[in-house]
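Colleague: I would like to learn how to read a model like this one. Please take me through it feature by feature.

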Amino acid sequence: MKKSSLEAIHLRRSFRKGVQSIPVLQDINLRVEPGEVVVIRGKSGAGKSVLLWILSGLDNPDSGKVLFDGRELNTLGNSQRSELRRSRLGIIFQNFNLIGSWNTYENVAIVLRNSALSPLEKSERIHRILADLGLSDRLQNLPAELSIGQQQRVAIARTLAAKPEIILADEPTGDVDPETGAEIIEMLLSPVKAGKAGLVVATHGNFPLAVATRVYTLSDGVLIPFEPSTASAAQS
Ligand SMILES: Nc1ncnc2c1ncn2[C@@H]1O[C@H](COP(=O)(O)OP(=O)(O)OP(=O)(O)O)[C@@H](O)[C@H]1O
């Protein structure tokens, strides 16, 4: 079976502030496919979130392109991009992006709205994922009634429920204790190990580099390969 892939080619993105142009991404080239974990390290403000937003089609580069399965995201309409994000290209946002007036179950169920699964299959899948993330007793709670770490887990459940082929995760273990962090990593890696999903993680440094296929440091707008030997030294 042909593997899906997500590829960034010569991405550039800057932001304008008055007359000043602030370059954030200067020449980003990246590829990920199911079975791979790509970790992007970088200081606060380096541009990790901007990169993930562009990779997901939520923002456009000034130049360069993003290809999903060989198709350029730029050429897709908004509804096609939304559908892609709902089903095949999952993003876990740093600020979670949960809908405040919806409870935990509803926030996850949204991604299965257009799925071919039966109502029973949808319900079973949502309950199972939320149970795996320790949220079975929070199904009816609104995001504001959850801790930050619980909200983060709902955001992760929402993405995993759609079984996307590529997962983009912005600091997925940023707001949880180490034990919960390890469980989240295990859940994110499960479809990767099965060869069903590729994972791109942006992190300040609290994601274990040992699980990565490739590690990069985002600095001055470019991705610099981070060698595994240096990586394991930095971990210890
Ligand atoms: N819409 C915007 N308008 C202007 N500048 C922006 C915009 N979005 C991002 N930036 C700038 O782009 C730079 C990179 O931001 P980004 O959020 O990607 O950093 P980051 O590496 O994810 O940081 P952190 O680890 O703190 O989340 C920052 O200097 C930020 O101010």
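Colleague: Is histidine 10 buried, partly exposed or exposed?

Modeller: Buried means under 20% relative accessible area, exposed means over 50%, and partly exposed is in between (1.4 Å probe, protein chains only). Histidine 10 has a relative accessible area of 46%, so this residue is partly exposed. Keep in mind that this is a predicted model: local features need pLDDT of at least 70, side-chain atom pairs count only at pLDDT 80 or more, and totals for chains, interfaces and linings use all residues. Residues are numbered from 1 along each chain as its sequence is written, and side-chain values use heavy atoms, with hydrogens and water left out.

Colleague: Where is histidine 10 placed?

Modeller: Helices (H or I, at least four residues) and strands (E, at least two) are DSSP runs, numbered from the N terminus. Histidine 10 is in strand β1, residues 6–17. Its phi is positive, about 50 degrees, although histidine 10 is not a glycine.

Colleague: What is the phi of asparagine 97?

Modeller: Asparagine 97 has a positive phi too, of about 55 degrees, and is not a glycine. This residue lies in the loop between β6 and α3. Its relative accessible area is 35%, so asparagine 97 is partly exposed.

Colleague: Now the ligand. Which residues are around the ligand?

Modeller: A residue is near a molecule or strand if one of its heavy atoms lies within 4 Å of it. Here the list is Phe15, Val24, Lys43, Ser44, Gly45, Ala46, Gly47, Lys48, Ser49, Val50, Gln94 and His204. Helix α1, residues 48–55, gives the most to this shell, with three residues.

Colleague: How many residues of the shell are nonpolar, polar and charged?

Modeller: Sort them by type. Ala, Val, Leu, Ile, Met, Phe, Trp, Tyr, Cys and Pro count as nonpolar; Asp, Glu, Lys and Arg count as charged; the others, Gly among them, count as polar. The shell has four nonpolar, six polar and two charged residues.

Colleague: How far is the side chain of serine 44 from an oxygen atom of the ligand?

Modeller: A polar contact is a pair of N or O atoms within 3.5 Å; within protein, one must be able to donate a hydrogen and the other to accept it, and residues adjacent in sequence count only if both atoms are side-chain atoms. For serine 44, a side-chain N or O atom is 2.6 Å from a ligand oxygen. Alanine 46 uses a backbone N or O atom, 3.1 Å from an oxygen of the ligand. Glutamine 94 brings a polar side-chain atom to 3.0 Å from a ligand oxygen. On its own the ligand has 640 Å² of accessible area, and the protein covers 59% of that. Such areas come from the Shrake-Rupley method with a 1.4 Å probe; for residues, only the protein chains shown count as cover.

Colleague: How many aromatic pairs are there?

Modeller: Rings of Phe, Tyr and Trp (its six-membered ring) pair if their centres lie within 6.5 Å; planes under 30 degrees apart are stacked, over 60 edge-to-face, the rest tilted. The count is one aromatic pair. Tryptophan 53 and phenylalanine 93 are edge-to-face, 5.7 Å centre to centre, with 65 degrees between the planes. The pair links distant parts of the chain, 40 residues apart: tryptophan 53 is in helix α1, and phenylalanine 93 is in the loop between β6 (89–92) and α3 (104–109).

Colleague: Is phenylalanine 93 buried or exposed?

Modeller: Phenylalanine 93 is at 11% relative accessibility, so this residue counts as buried. Tryptophan 53 is at 35%, so that one is partly exposed.
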